[in-house]
Amino acid sequence: MGAVKRGEIKAVAARDQLTINNERSNMKKLLTLSVVILAASALSAAAGDAKEAYEKDCAKCHGTDGKGDTKMGKKLGAKDYTDAKVQSEFKDEAGVKAIKEGFKDKEGKQVMKPTEGISDADAKALIAHMRKFKK
Ligand code: HEC
């Protein structure tokens, strides 16, 4: 262990700087990768999980089978979405609007709350899922 010379200190400093730069660039790569993964999973959520979202947020009233045969559904007057006539009574756009803004019955009572922050695409996917109930 002799005295450290100036040149050696510089070399060590330069090496440390190199390591730091390397770590930074790895960090950047990692960040980019996680952003890509997040974006991909958000996309597949929009496309694939309408059923899951429906069962989580809508089935307590409309029923897993769309019949509205639940405690809440009966109380609020949810219709039977397996009925072709009920299905023909609303357009996709009206359904999307009902999901985004909520739905009021004839007396103006809000029977369904707006789904906060839902995108058009996710609302459309929910409608597409509900269309499958039709017998
Ligand atoms: C608190 C109970 C409740 C929840 C939760 C609920 N709804 Fe409704 N919804 C109703 C009732 C009641 C109606 C009016 C009667 C009917 O059409 O079934 C209605 C109406 C609708 C309509 C018809 C709109 C129209 O123009 O005729 C659609 C579509 C719909 N709901 C979809 C959904 C979706 C999708 C979800 C989940 C994000 C959901 N609802 C959550 C109670 C609910």
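Colleague: Which residues of α7 are buried?

Modeller: First, the ground rules. This is a predicted model: local features need pLDDT of at least 70, side-chain atom pairs count only at pLDDT 80 or more, and totals for chains, interfaces and linings use all residues. Residues are numbered from 1 along each chain as its sequence is written. Buried means 20 or more other C-beta atoms within 10 Å of a residue's own, exposed means 12 or fewer, and partly exposed is in between; C-beta atoms are placed from the backbone. In α7, the buried residues are A123, A125, L126 and M130.

Colleague: Where do they sit around the helix axis of α7?

Modeller: An α-helix has 3.6 residues a turn, so residues three or four places apart point the same way. The arc is taken from the directions from the helix axis to the C-beta atoms. The buried residues of α7 fall within an arc of 155°, so they line one face of the helix. Exposed D120 and A128 are on the face turned away from that buried side.

Colleague: What do the end C-alpha atoms of α7 say about its span?

Modeller: The expected span is 1.5 Å times one less than the number of residues. For the 12 residues of α7 that gives 16 Å, and the end C-alpha atoms are 16 Å apart, which agrees.

Colleague: How many helices and strands does the chain have?

Modeller: Both are DSSP runs, numbered from the N terminus: helices are H or I with at least four residues, strands are E with at least two. The chain has 7 helices and 2 strands. Their order is α-α-α-α-α-α-β-β-α. Of the 135 residues, 12% count as buried.

Colleague: Which residues form the largest nonpolar core?

Modeller: A nonpolar core is a set of buried Ala, Val, Leu, Ile, Met, Phe, Trp, Tyr and Cys residues joined through C-beta atoms within 7 Å. The largest has 10 residues: A50, Y54, C58, Y81, I99, A123, A125, L126, M130 and F133. The largest share, 4 residues, comes from α7.

Colleague: Is A84 buried or exposed?

Modeller: A84 has 10 C-beta neighbours inside 10 Å, so it counts as exposed. A84 lies in helix α5 (residues 84-88). Its C-alpha atom is separated by 6.7 Å from that of K135, 51 residues apart along the chain.
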